[in-house]
Amino acid sequence: MDKVLLAHGGGGSKSAELVERVFQRFLRDPLLLEMGDAARLPGRSGGAFTTDSFVVRPAFFPGGDIGRLAVCGTVNDLAVMGAEPLYLSIGFIIEEGFPVRDLERVLASIAIACRQSGARIVCADTKVVERGKADGIYINTSGIGRPVFKKPVHASRVKPGDAVLINGPLGLHGIAVLTARNEFGLKASVKSDVAPLWGLIRKCRALDVPFMRDPTRGGLAQTLNELVRKRRFGARIVEAELPIPKKVAAVCDLLGFDPLHVANEGKVVMVVAEKDAEKALRLLRRHPLGKGARRIGAITAVHPGRVVMATRAGSERIVMPPVGEILPRIC
Amino acid sequence: MSKDAELNRLAGRLRSLPARPGTRIMEVCGTHTVAIRRFGIQKLLPEGVRLVSGPGCPVCVTPERFIDEAVSLARQGVAVASFGDMLRVPGSFSSLERERADGRDVRAVYSPLDALAQAEGTGKETVFLAVGFETTAPAIAAVALKAVEKKAANFSLLTALRLVPPALKALIGEIPQGDAAAQPPAGSGLAGFLLPGHVSAIIGKHAYDFLLGHGLGGVISGFEAVDIVSSLLLLLAMHEKGIYEIVNNYTRVVRDQGNEKSRGVMAEAFAVADAEWRGLGAIPASALELRPAFAGLDARRRFAIKVESAPPRLGCRCGEVLRGLVDPPACPLFSKACRPDHPLGPCMVSAEGSCSAWVTYG
Amino acid sequence: MCLAVPMKVIEIKGDMAVVEISGLRREVGIMLLDKVKLGDWVIIHAGFAISKLTKKQARETLALFEEGHLLV
């Protein structure tokens, strides 16, 4: 490959290709190569450390904005490692001419999201670039968290028979951003689900949770495929159990998207031992962000390395990760 | 009985239907290709019955040269607007996605109306890639009429519209296929056709009457799992009894007589012409081209389009896949050199291509 | 692509109409159909209404459409 394509940023298999074939030739630290949502720092104080950049277009969308996303995206990467989000850094790249009023809205959102998540922004930086060089505003956040869960959250501890859970409806963020762009002439009242998840996730801290991830770019399909890739187990989800709101389904049907490929920003996929599944669901449902928690499938010993879905027609089909950009700049 | 229970009942019947070994049913609609694999319906077929994909994907049957023409336009600085599918299709030397990465104005639109609006909004020369079958042709014709009415001086169409019944006729040997004269017609040995739901909403069920003279039946089907399963049951039952009919099993959307108004709009802007189909060769009276009165909208007249031809890709069996002669895994490039993230042929790149559906859904 | 979704006509503006399903709206062309009225259910493809459903058909289609996805 000689040029970076938009498809490389989609979070699907093309992104993985860019990371594996280019980035990992130069950035090869063992902690980095583990490719979790956050790095587990060694040593007694061993915290969790993560970073993320936000380029969502448009900056303001139903249910949220780039500021809220910048905080929640990073605190959630810590939360799904079983770490309590503590401190954030934040860096802004702002295009000349960006209205100060909009900047204030973004900052207000950031402040609210921090309060809700419990994380503190303790260092920050701002750069301004010439008009035309940054499409409004880009934000990077890095976060440090304190591991709280009993046992390490790590995919190597997942076993066949484990239950796969989700905390609520799928596809909201991606569709909210899509309709806010007005590119397809669609108007829809879908709101992004962008929210900080630690308050929900910590409810399960006394349980043994081998795996958690937030299905952002690339959707549920990407997350599950990442979990099973090159491992000795597979995953099987049940189509009839997937919570897909009517509005999301309508847009997906109209434009030909697969709801399993659409980004979420307030969802966590959780894998627990079958014996803990009912308890985990009860714990999750006690929190406002977990009211719709349900079981959507299981880890299997058959078809290792693949994700399959039991279809409504009583058959089975494989679930591939998305290829290339479904929607560019979704988060 | 709930809808799911109804579906399971029909699926059960399909699975246990007695059928003659070697029975092949062909579907000729890309959306059916995808739906069948997405719902796993090919796994519900009774022993001995195979579902074969024909030339149902408009992107897949568009000659490679069309992409080269679009690339040439993009490089001349013309804004190219297209259905999203076309952007990743490889041409002889480049694709529209690559042209966009190189800074050309290439955009995906949901409707040709959006392309016209884009032209009006930007004031730039804008061409819409008019690709599709009879479902889409009336929509494009309507936009052509609008463009003339609004005197849109910077909007044009690069056409590659194709018609389904002539392709079916070529498949069953009724009209000779350009480059396949030596082979038996691809349609031989077929028990019947699963017919495209929305194309049929436009052309009506009698457009397929010619099949009956060949001892072939057809069922017009919708796209939900229950539609496809019930349509397959109807086709197999007909074949079993040796009775051949064209059945409209999608009456909630398709009128037997089709949509006359749409056909009228289509005919106002377009005339029927001979054309090349990727994989099927030349088929007479199988495409739509702009009528002389609309020549002003023809991108091929407005712009000088230079296209160099490239040698055909070695090993690619898209042509045979499109004719339903082989399944995707038979192609030596399938899933190896040719993958969804690195497609070589149109059947892999289009979301509705057989190869793509096969890889994506198993 | 034969992707087509049933939507309800909620406003008519000459040869265009606003259609809606599950809170999703778009402006579409209605010049490919005869006599489109407010409240009609139509099948939308590439920004145009290409077929009209009767009320009963609309109910059936919606039911199929809705059962394909969990209501949340």
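How many residues of chain B are in contact with chain C, and how many residues of chain C are in contact with chain B? The views below take up this question and others in a model that is predicted.

**View 1. The contact between chain B and chain C.** In this predicted model, 31 residues of chain B are in contact with 24 residues of chain C. On the side of chain B that touches chain C, the elements giving two or more residues are helix H1 (3-15), helix H2 (30-38), helix H6 (112-122), helix H7 (137-149), helix H9 (197-203) and helix H11 (260-269) of chain B. The largest share of that side of chain B, four residues, comes from H9(B). Sorted by class, the residues of the side of chain B that touches chain C comprise 14 nonpolar, nine polar and eight charged.

**View 2. Helix H6 of chain B and its surroundings.** The buried residues of H6(B) are B:Pro112, B:Leu113, B:Asp114, B:Ala115, B:Leu116 and B:Ala119. These buried residues pack against strand S3 (79-82), strand S5 (126-132), H7 and strand S6 (155-162) of chain B, together with S3 of chain C. Just after H6(B), B:Gly123 takes a positive phi of about 75 degrees.

View 3. Within chain C, strand S2 (residues 16-21) pairs with S3(C) in the antiparallel sense over six bridges, and C:Ala17 has C:Val28 as its bridge partner in S3(C). The hairpin of S2(C) and S3(C) has two residues between the strands, and in this hairpin C:Ser22 takes a positive phi near 50 degrees. From chain A, strand S9 (residues 186-188) is joined to S3(C) by three bridges, with the two strands running antiparallel; here the bridge partner of A:Lys187 in S3(C) is C:Arg25.

**View 4. The surroundings of C:Ile43.** C:Ile43 lies in strand S4 (residues 41-45) of chain C. With 25 other C-beta atoms within 10 Å, C:Ile43 is buried. Leaving aside neighbours within four places in sequence, the residues in contact with C:Ile43 are B:Val253, C:Ala4, C:Pro6, C:Ala49, C:Ile50, C:Ser51 and C:Leu53. C:Ile43 and C:Val9 are 34 residues apart in sequence, while their C-alpha atoms are 10 Å apart in space.

View 5. Apart from neighbours within four places in sequence, B:Val229 is in contact with A:Ala313 from chain A, and with B:Leu7, B:Leu10, B:Ala11, B:Leu14, B:Ile41 and B:Leu44 from chain B.

**View 6. The two domains of chain A.** Chain A is divided into domain 1 (40-147) and domain 2 (155-318), and 24 Å separate the centres of these two domains, taken over C-alpha atoms. Their contact takes 22 residues from domain 1 of chain A and 21 residues from domain 2 of chain A. On the side of domain 1 that touches domain 2, two or more residues come from each of helix H3 (66-79), strand S5 (83-95) and helix H4 (100-117) of chain A. H3(A) gives the most to that side, with seven residues, and by class the side of domain 1 that touches domain 2 has eleven nonpolar, eight polar and three charged residues.

**View 7. The open five-stranded sheet of chain A.** An open sheet of five strands in chain A has the order S1-S2-S7-S5-S6, with mixed pairing. Strand S1 (39-40) and strand S6 (120-129) of chain A stand at the edges with a single partner strand each, so one side of each is left without a neighbour in the sheet. S1(A) pairs with strand S2 (residues 48-54) of chain A in the antiparallel sense over two bridges, and the bridge partner of A:Arg40 in S2(A) is A:Ala48.

Technical notes:
Residues numbered from 1 in each chain as written. Chains lettered and ligands numbered in written order. Predicted model: local features only at pLDDT ≥ 70, side-chain atom pairs only at ≥ 80, totals over all residues. Pairing = 2+ DSSP bridges. Contact = placed C-beta atoms within 7 Å. Domains from an automatic or database assignment. Nonpolar A, V, L, I, M, F, W, Y, C, P; charged D, E, K, R; others polar. Buried ≥ 20, exposed ≤ 12 C-beta atoms within 10 Å, placed from the backbone.
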